[in-house]
Every structure is written in structure tokens, then in C-alpha cells.
Amino acid sequence: MLPTVRELLDDQFAAADPQVLAGHGALDRTVRWVHSSEIYEISPLLSGGELLLTTGLGLAGVDAGTRRHYLREIAGRAVAGVVVELGRTFDAIPPDMVAEASRHSLPLVALRTVVPFIDLCRAANTEIVSREVRSLRLLNALAQDLVGELAAGSGLAQLLARIGAVTQSALIVTSGNGALIAAHGVDDDRSAWAAVESAAASAQIHARDNVWGTLTAGQGAAVDSATLAAIVDQSAPSLGLALANSGTPTGRPQVAAATLLADLLDAKLIRQADLKRRAAAAGGPGLAGRTLVPVAADAPDARIAARLIDTAAKELGTQALVAEVHATTFGILAMDKAIADPVGESVRVLRNAFAGNSTEGVTLVVGDPCEFTAAALTGSLEAARSALRLATRHRRDWLATSPISTCRELATELVVESLPATERTRLIATTIAPLIDWDTTHHSDLARTLEVYLRNGGSPTRSAAALHIGRQSLYQRLDRIRDLLGYDPSTPALAGTLLLALCAHRLATYT
């Protein structure tokens, strides 16, 4: 809660009749200290944030270039501003100094009434120290409140409410995958993401020696930026403790599962004999000889995701290997090799598990089936992890229809993400650029219409239903699309290319 240049000029410096000559847009810079000096080469002694008072004695008799150099060096030290008392050296601030200060957005202020510098410094620095003390007391009181909440077993929501009562700003918690986990002070997910994108302060949240996610504070806080940053930094460890305390059990099988899954995700070499032994120790003795389906889940509480995967495994009549790795819950379901569609069967039992549990905020991805080898498991788990990141992003775009996705449903997105940026740009420019230009100019939705149409196999009935429009309106849009593109986008040979281009455009829009 340090004072700004504007506040000091309006209050502690008011008796000196200050006049701002340059840097009007930087008057909200915070002031760490008010210092007076007549030394010409003062800049090396400044550390940033000072408001420098001078009579200009060190500039007496020098030329315009020297005066410019003086201000340029001071601006390079990130000082809050320069205040010059008129009458001793300058009757008026030279235009060259005003121009140089403006060039560097450096507040340059003339004091038109003589007030002893010692009085100005005493008044301003007393205010600065008083505010710093209040800020420290605020941080200490909040720290005690958070310790009390943790001792009472409170979760993220209660801790965010405590922090929000002090900052009066939006507070957002996102996971390492970029998923929205918890929010305070916003009305909906869209507002939460807007707060993240215009963040005023953020800090990483660590849980179990890993970076779990991020705490972000939005704009409009009731405290200054420095205090807000200090609050966010101080509060992040408490959120990490709350997350660690709410995690999955830590018995020997769980530790073994977490270690094995982490090694597989890190693509470590594991001999087949060791893989079989470690899987058995992790609670998955029956994985060998079966079709394995990886599952990746993002949830506010790791226990929710683990319970869903375990419930699905019980319906399949088998055990699942489940553990939390880097704030993401991973599982491996063992399927009978006679099952024709192991992915579809996994989705079915997981949907049944969702029906009987509280699953708000959960996003889950079913990966591609694989054999019981380290290399195969690494590839499938890594693909599921990448797809989960995409699926969590889709919770805030128009494709979000179900909390359960599959790697094969997100195959187009995964391919697009693997392409170099230049190739994505070329793909869009050579296929659907006219649609994007039209949508941008007319605020229409033709690109989305075409993607829905292609994803529904060119079915007018299903596409119109998905878009919530009538079939006649769909036909009109398709006619407009053909006219803009200059070719028929329903040509079967073009479907794959167009879906890649449309997907690339959508991912760029929501990134």
C-alpha cells in the first residue's frame, strides 16, 4: 500500500504548489522513498522507486545535452519521479528537460513555492513507513487466518474467501494443465478466464514438492500492486498445503503406483520383468496379457478422480492402477482382449461412474489402448496427458459437451498441436481464410458452422440441431460458405484438410 507520486503531490507536497510538467501517465507509480540530492551523478546511488528532490544545483551552468543526460540516467534507474524546486537554479524548468522526461515517461515536477526539503521528506517518508507497517500487519493477520483455516481442515474455497476478503479482487486457481479448479469473486467461468488473462499478480502453487498450479489475482484489487503481489506469494503455500492434505492416500500401493506412472510418463526405460513386478506392487497384478486403456483426469480433488476410475474398474471386474502425478490423476484400466472396442467400453463404465458421484469440475480423457510394455504405456499415457490439456481448454469453448473425452475424438486437435506454427498459418491461409475474414468483419459464425457440419458427417439434421438453428438457416450458411471459399467444402476429399484448418483456427482463438 505504498503511496503513488500523485498521492504525495496532492497531500504531503501540496504546500509547495507542485506543477507536473512531464510523465502525466506515470503519476500512479508507487514511491518507495523520498530522497533529496544535488549531486549530478546521483543515478548510480538510486535503486528504483525513489522520488528525487533537487534544486538543480548540480545542473547549474551546464548545457542542454548534459541536462538531458542527467534525466536519461535517472530514468534508467526506474525512479518514481524527479521534483525540482524553482528559484535557486531555474526560474522555469528548461524545455529540453521537459522533452527528455516526456520521452522516458518520467514524472517531472516543478515546486513553485519554497518549502524546506527536510519538511517534505519527513512528511512523505513518514507516510511511506506508516503504509509499509500497515501492509506488514495486513499480511501477518492474513497469514494467521490462513493457518487457522488449515488447522480447521478447510479447503480451497474457504482459503480463497479469506484472501479475497483482503484483496477484494477475483482469485483464480488453475492446475498445471491449465484447467480452472477454483475461483472466488467471479460470476462464471468466462469471468474467471478473463481475470486470468488480465492478471494483476500470480504465484505458483507447490504441492508435494511439485508445481501443482497457479494462484492468480485479477485487476481491481483494494490494495496496491506491490501488496497484492506479496499477498499472492504468501498465500500460495497455504493453498499447496490444502491441496496436499486433500490428496489421495499415501499407502505403499499408492506410492508404488505414483512412482511407476511418473517413470512411464518420463519415458524411463523399464525392463519387462521390472514392469510386471512394479505393477503388481502398485495394485495391478493382472495387467499383463490384457488390453490396457490409460485414463487421465483433472479434478478439484484427486480423490474424486481416483474414485471414478476405481468405480469403473469394479464394473469391469478388474483392478485399476491409479495415482496422482504432477497434480493430474492417471489410471490404467485392464480390459479383456475379447472386447472389440476397449475405448468405447471404458467410456461406458466411466459414464456410469459419473452418474453415481459428485463430479463438478472434473474433466477426463480416455486414451488409446495399448499392450503391457513400458514403451506402449508411455506413448498412450503421454497422449492422454496431452489430450487432457486440450479437453480442459474445451471446457470454455463451444465444443464442450461432456466431461469425458477420448484421444481418438481429439485426434485432430493433437495433430494440429504437433504442427509447426508456420504450417498451421499456411494451412489456414490456403483453405479457410475467407471465412475467418468474413466472420471477423460481420461477427458471424461461418467457421464454426462448417466445422460442426463436417464433424457431423455432412448431415443437415444433426448439424442444425448441434447449432440450434433451423435446416433452412443452415442451408443459407452453407451457400454463403461456398460462395466465400470458391469451392464446395462438402467434397469428401477435402474433409480432412478442412477439419485440420478449422481446428487450427479454433485452437488459436482459444489459446
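Biologist: In which strand does Thr-329 lie?

Modeller: This is a predicted model, in which local features need pLDDT of at least 70, side-chain atom pairs count only at pLDDT 80 or more, and totals for chains, interfaces and linings use all residues. Residues are numbered from 1 along each chain as its sequence is written, and side-chain values use heavy atoms, with hydrogens and water left out. Strands (E, at least two residues) and helices (H or I, at least four) are DSSP runs, numbered from the N terminus. Residues 328-335 make up the strand that holds Thr-329, which is S12.

Biologist: Is Thr-329 buried or exposed?

Modeller: Under 20% relative accessible area a residue is buried, over 50% it is exposed, and in between it is partly exposed, using a 1.4 Å probe and protein chains only. Thr-329 has 4% relative accessibility, so it counts as buried.

Biologist: Which residues is Thr-329 in contact with, leaving aside its neighbours within four places in sequence?

Modeller: Contact means heavy atoms within 4.5 Å. By that rule the partners of Thr-329 include Val-295, Ala-302 and Ile-309. Also among them are Val-322, Ala-323 and Glu-324.

Biologist: At what angle do the axes of helix H10 and helix H11 cross?

Modeller: H10 covers residues 302-316 and H11 covers residues 342-355. Axes are lines fitted to C-alpha atoms, for helices over the stretch in contact, with angles from 0 to 180 degrees between N-to-C directions. These two axes come within 8 Å, and they cross at roughly 120 degrees.

Biologist: How are H10 and H11 placed relative to each other?

Modeller: Angles under 35 degrees count as roughly parallel, over 145 as roughly antiparallel, 65 to 115 as roughly perpendicular and the rest as oblique. H10 and H11 are therefore oblique.

Biologist: Is the crossing of H10 and H11 left-handed or right-handed?

Modeller: A crossing is left-handed if the near helix is turned anticlockwise from the far one by less than a right angle, and right-handed if clockwise. For H10 and H11 the crossing is right-handed.

Biologist: How do the residues of the contact of H10 with H11 divide into nonpolar, polar and charged?

Modeller: H10 contributes residues including Leu-308, Thr-311 and Glu-315, and H11 contributes residues including Arg-348, Leu-350 and Asn-352. Ala, Val, Leu, Ile, Met, Phe, Trp, Tyr, Cys and Pro count as nonpolar, Asp, Glu, Lys and Arg as charged, and the others, Gly among them, as polar. The division is 8 nonpolar, 2 polar and 3 charged.

Biologist: How are H14 and H15 placed relative to each other?

Modeller: Helix H14 (residues 421-431) packs on H15 with the axes 5 Å apart, at an angle of about 80 degrees. That makes H14 and H15 roughly perpendicular.

Biologist: Which residues of H14 and H15 make the contact?

Modeller: The residues divide into 5 nonpolar, 1 polar and no charged. H14 supplies Ile-428, Ala-429 and Thr-431, and H15 supplies Ala-433, Pro-434 and Ile-436.

Biologist: Which residues in H15 and H18 meet?

Modeller: The axes of H15 (residues 433-442) and H18 (residues 471-485) come within 8 Å and cross at roughly 120 degrees. H15 is therefore oblique to H18, and the crossing is right-handed. From H15 come Pro-434, Leu-435 and Trp-438, and they meet Arg-480, Ile-481, Leu-484 and Leu-485.

Biologist: Which backbone oxygen does the side chain of Thr-378 reach?

Modeller: Thr-378 is in helix H12 (residues 374-394) and is buried, because its relative accessible area is 14%. Leaving aside neighbours within four places in sequence, Thr-378 is in contact with Leu-264 and Ala-267. At 2.8 Å, the side chain of Thr-378 reaches the backbone oxygen of Leu-264.

Biologist: What is the phi of Gln-168?

Modeller: Most residues other than glycine have a negative phi. Gln-168 is in the loop between helix H5 (156-167) and strand S6 (171-175), and it counts as exposed because its relative accessibility is 53%. Its phi is positive, near 60 degrees.

Biologist: What is the phi of Asp-17?

Modeller: Asp-17 sits in the loop between helix H1 (5-10) and strand S1 (18-22). Its relative accessibility is 32%, so Asp-17 counts as partly exposed. Phi of Asp-17 is also positive, near 55 degrees.

Biologist: How far apart in space are Val-79 and Val-173, C-alpha to C-alpha?

Modeller: Val-79 lies in the loop between helix H2 (64-75) and strand S4 (81-85), and it is buried, with a relative accessible area of 1%. In sequence, Val-79 and Val-173 are 94 residues apart. In space, C-alpha to C-alpha, their separation is 34 Å.

Technical notes
A polar contact is a pair of N or O atoms within 3.5 Å; within protein, one must be able to donate a hydrogen and the other to accept it, and residues adjacent in sequence count only if both atoms are side-chain atoms.
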